[in-house]
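At each stop, select what is named and then look.

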Amino acid sequence: DGEVHINELKNGNTEMFWNPTSEVRRQRLKRHIVLFEEQTDFESERLWQHVTSAINKGDQHKATQEKFVLEEEQRNAARERRENGTEWKPLLFQHDTTTNEWHYKYEDLRPWDPLNDIAQFEKDGVLQTMERHLSTRMSNHKTTCINNQMTRHKRSAKDCRRRKTSDQPSNHSQNTESSCSTPESVQELSDDDGKYLWFESLCAQCGKEMNHLKEIHSAVLSLQRAQQDIHR
C-alpha cells in the first residue's frame, strides 16, 4: 500500500512504478498474523526469518546464502526419508495422481451462501466457514412444536384420568384409569384453544420453511457441481 519506484542504476533516473490512491489503501485486506512465538518451525515467517532479515538489510549475498542453507536442509531430509523408506505425509495438502497436482485438503468449492454463511476464518491451517445453521434452527423449532403437541396430549390424558377417578370406585373405573395414566409431575395447562391453534400454525410454517430450504439446498448443489466442473 506504499509507493514503488524503479531506479535505473546506469543513469540514476527514478521512475514511479506504483502509487496507490487513498481509495486503494482503504480497500486493502486486514492482515491477521500468528504471533512469531506461536509459529511452528516450518511456518514461513519463522522458517525464512534469516533470509528476510538479510533482504531487509539489503544484503543480497547473505540472503542467498541463507536460502541455500534452507534448501540444502530440505534436500538432505528428503534423501534420508528415501533411504529409510519413510513416506512424507503433508499436513494440509494431498496429491492427485490423476492430474499430478497438489491440492489443499480442506478446500471448499461450494458457492458462498449469504443466507447461512457469516465469515471465513483460518484455524491451525484449516480454512473454515462460520455458519448460521438455519437447518439446525429449523430442527429446534420443529422439536419445540412437537414437544408442545406432546404436552397437549399429556394434558388430555390427565383430564381423562381425573374424570374417571371422580366416578364411584369400581373395577371398571380402575381399569380405565390405568389405561390413560400419565406421570404425576406433568403440570396443568390453561384452557387456551388459541394457543394450540398457534402451535398448529407454527407446524405449518415449519413445513413451508423446510420446503424452501430444500429448494435452496438443491440450487446450491447445482451450483457446486457447475463450479467443480469449471475447476476440473
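**Stop 1: a charged pair on a helix**

Select Glu72 and Arg75: the two form a salt bridge, with their closest N and O atoms 3.1 Å apart. This is a predicted model, so treat each distance as computed from it. Side chains of opposite charge can pair when their charged atoms come close.

Glu72 is partly exposed, at 27% relative accessibility. Arg75 is partly exposed too, with a relative accessible area of 41%.

**Stop 2: the whole chain**

Zoom out and colour by secondary structure. How many helices and strands does the protein chain have? There are 7 helices and 6 strands. Trace the elements from the N terminus: the order is β-β-α-α-α-α-β-β-β-β-α-α-α. The protein chain has 232 residues, and 14% of them count as buried. The salt bridges come to 9.

**Stop 3**

Go to the start of the sequence. Select strand β1 (residues 4-7) and strand β2 (residues 14-18). They pair in the antiparallel sense over 4 bridges. Find Val4, then look across to β2: Trp18 stands opposite.

Next, select the turn. The hairpin has 6 residues between the strands. Click on Gly12 there; this glycine takes a positive phi near 80°.

Stay here and show the surface. Select Val4, Ile6, Phe17, Trp18 and Val24. They form a nonpolar patch on the surface, with about 450 Å² of accessible area together. Which elements give two or more residues to the patch? They are β1 and β2. Val24 lies in helix α1 (residues 22-27). Val24 is partly exposed, with a relative accessible area of 35%.

**Stop 4: helix α1**

Keep helix α1 on screen and select Glu23 and Arg26. These residues form a salt bridge, and their closest N and O atoms are 2.3 Å apart. Glu23 and Arg26 are 3 residues apart in helix α1, which means about one helical turn lies between them. Are the two partners buried or exposed? Glu23 is partly exposed, at a relative accessible area of 37%. Arg26 is exposed, at 59%.

**Stop 5**

Move along to Asn100. You will find this residue in the loop between β3 (93-96) and β4. Check the backbone: Asn100 has a positive phi of about 60°, although it is not a glycine. Most residues other than glycine have a negative phi. Asn100 is exposed, with a relative accessible area of 58%.

**Stop 6: two aspartates and one arginine**

Select Asp113, Asp117 and Arg110. Start with Asp113, whose place is in the loop between β4 (101-104) and β5. Asp113 is buried yet has no salt bridge. The nearest side chain of opposite charge is Arg110, 5.6 Å away. What does the side chain of Asp113 reach? It reaches the backbone nitrogen of Leu115, at 3.1 Å.

Now turn to Asp117, in strand β5. The side chains of Arg110 and Asp117 meet in a salt bridge, at 2.8 Å from N to O. Is Asp117 buried or exposed? At 4% relative accessibility, Asp117 is buried, because the cut-off for buried is under 20%.

**Stop 7**

Follow the chain on from Asp117. Select strand β5 (residues 117-123) and strand β6 (residues 126-131). These strands pair in the antiparallel sense over 6 bridges. Pick Gln120 and look across to β6, where Thr129 stands opposite.

Notes. Residues are numbered from 1 along each chain as its sequence is written. This is a predicted model: local features need pLDDT of at least 70, side-chain atom pairs count only at pLDDT 80 or more; totals for chains, interfaces and linings use all residues. Side-chain values use heavy atoms; hydrogens and water are left out. Two strands pair if DSSP finds at least two bridges between them. Buried means under 20% relative accessible area, exposed over 50%, partly exposed in between (1.4 Å probe, protein chains only). Lys and Arg count as positive and Asp and Glu as negative; His and the chain ends are not counted. A salt bridge is a side-chain nitrogen of Lys or Arg within 4 Å of a carboxyl oxygen of Asp or Glu. A polar contact is a pair of N or O atoms within 3.5 Å; within protein, one must be able to donate a hydrogen and the other to accept it, and residues adjacent in sequence count only if both atoms are side-chain atoms. Patches are made of residues with over 30% relative accessible area and no salt bridge: like charges are joined within 9 Å, nonpolar side chains (Val, Leu, Ile, Met, Phe, Trp, Tyr) within 5 Å. Accessible areas come from the Shrake-Rupley method with a 1.4 Å probe; for residues, only the protein chains shown count as cover.
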